[in-house]
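Visitor: I would like to learn how to read strand pairing. Please begin with the terms.

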Amino acid sequence: MRSRYSAYVTNAYSYILQTYSIQGRGSLTEAAVAADGKNTTWIRLQIVSIPSDSQVEFKAWYAHNRHLFLMHETSSFIIENGEWKYHAGIIHADTGTYKPRRNEQCICGSGKKYKQCCLSQYK
C-alpha cells in the first residue's frame with residue numbers, strides 16, 4: 001500500500017500499473033493513470049487498519065486543482081506470480097471533497113493548525 005502511495009506521489013505511473021492484478025487492471029493504461037494524476041498533489045497517507053492479510057483500510061488526502069479531497073478506501077490485494085497486487089477497493093462514504101474543521105490540525109501531519117500551515121497552498 002505504501003509503495004503504491006509513494007508511486008502516486010512521485011508520478012511513477014508504470015509502477016502503479018504494474019501493481020494492479022490482471023483482473024483489477026482491466027483495460028487501464030499508463031496514460032489513463034497519468035491523466036488522472038495530472039494537477040494532483042498527494043499530501044498524506046494514513047493506514048487506518050489492516051482487517052486481514054489481504055486488506056488495508058487507508059485514508060489519503062490530496063489536492064487537485066487547489067481543492068482538498070479525501071480518499072478513504074479498504075483495498076484488497078491478491079498474490080499473482082508470487083507478488084502482492086492491488087485487486088479491488090471499497091470506497092467509504094466520507095470519500096470526496098475535504099473541508100478541514102475550524103482549528104483542526106493540518107492534514108499534512110505537521111502538528112500545526114491547518115489555517116497556520118497548508119491553508120494558503122490549497123485554498
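Guide: Two strands pair if DSSP finds at least two bridges between them. Strands are DSSP runs of E with at least two residues, helices are runs of H or I with at least four, and both are numbered from the N terminus. This is a predicted model, in which local features need pLDDT of at least 70, side-chain atom pairs count only at pLDDT 80 or more, and totals for chains, interfaces and linings use all residues. Residues are numbered from 1 along each chain as its sequence is written, and side-chain values use heavy atoms, with hydrogens and water left out.

Visitor: Which pattern does the protein chain follow along the sequence?

Guide: The pattern is α-α-α-α-β-β-β-β-β-α, with 5 helices and 5 strands.

Visitor: How many bridges join strand S1 to S2?

Guide: Strand S1 (residues 40-52) runs antiparallel to S2, and 9 bridges join them. The two form a hairpin with 2 residues between them. Ser 52 has Gln 55 of S2 opposite.

Visitor: In which sense do S2 and S3 pair?

Guide: S2 and strand S3 (residues 67-80) are antiparallel, with 10 bridges.

Visitor: Why is strand S2 described as largely enclosed?

Guide: Buried means under 20% relative accessible area, exposed means over 50%, and partly exposed lies in between (1.4 Å probe, protein chains only). In strand S2 (residues 55-64), 7 of the 10 residues are buried, so the rest of the structure largely encloses it. For the protein chain, 33% of the 123 residues count as buried.
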